[in-house]
Amino acid sequence: MYLHYFGLSDNPFSIAPNPDYLFMSPRHKEALAHLTFGLQESGGFVMLTGEVGTGKTTVSRKLLQELPDNTQVAMILNPTLSALELLATICDELGIKYKDEKSSLKYFTDLILKKLADNHTVGINTVLIVDEAQHLLPEVLEQLRLLTNLETNREKLLKVVLIGQPELQQLLKRNELRQLAQRITARYHLLPLTGSEVKEYIIHRLSVANGDRRIFSKATLQAVYQISGGIPRVINLLCDRALTLTFTSQQSIVRRHIFVAAAEQILGADIVEQRQGKQRTIILAGLFVVAIALGYWIGGWYGN
């Protein structure tokens, strides 16, 4: 409802993983570079982890855009599957025809391995991307490892990208999955944005939507970082609600108090107060350290 009011051509703070809005912070660039490098290596697995809302899925969409044209991709978005269901889903994604009455692990595995070999013969790379991979069962992960056993003298015929929350790291430390863990050629953990990156992130998304970068006041931008913790998805939710409240009150700029009110509606007043208080504590602690250092310096100067 606020798009026309603020002169925006699109919703700049949608939580949909649109790669056009991907803000390539140094961390996101490193994450994308790790995935790209890993897929070029001879190993079978690459892994991207991060807290909820840090932009993992959006990075994966950007990766899809940058894959060579001779790549066939199978995407698993719901990994809460049995080993048999996973293999059937991979067949669906790769366009492999199969007969339901013959369904078995061996039947599906043979079909997939034949598809991988056929793709390799005609120069097609095959990539499997599994989102929310922390939900994979150990036996399902082991089945994925077995699929990557098909290889030439130089490379695996199936490359697997595992994307998940930090729990995925713990899952792969299990003893029965040590063989798979050893096959991960590149891994990266995506951290939240810093304070300066949050400002750049908001300006970037407003620019993509042809908006005025001054819609958010400086004080508001500081509050965004304090309350969101630098999590892009939370930033989007809070900024979207703040723009709605600003439009409702017919203001031209998102002021700090309006943003805080929006955050309280989304997160709850207790959480907002807690995060603002934590930030104030950090600032006061920093000032205290500076004051002590300054006192020592002045004392030393007078002592000389």
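Let's start with helix 10 (residues 232-248) and helix 11 (residues 256-267): their axes come within 8 Å and cross at roughly 125°. Helix 10 is therefore oblique to helix 11, a word for angles that are not under 35 degrees (roughly parallel), over 145 (roughly antiparallel) or 65 to 115 (roughly perpendicular). Axes here are lines fitted to C-alpha atoms, for helices over the stretch in contact, with angles from 0 to 180 degrees between N-to-C directions. Helices are DSSP runs of H or I with at least four residues, strands are E runs of at least two, and both are numbered from the N terminus.

Who touches whom? Contact means heavy atoms within 4.5 Å. Helix 10 brings residues including Leu237, Leu238 and Arg241, and helix 11 brings residues including Phe259, Ile266 and Leu267.

## About the model

This is a predicted model, where local features need pLDDT of at least 70 and side-chain atom pairs pLDDT 80 or more, while totals for chains, interfaces and linings use all residues. Residues are numbered from 1 along each chain as its sequence is written, and side-chain values use heavy atoms, leaving out hydrogens and water.

Strand 2 runs parallel to strand 3 (residues 125-130), joined by 6 bridges. In one of them, Ala74 has Leu128 in strand 3 as its bridge partner.

Notes
Pairing = 2+ DSSP bridges.
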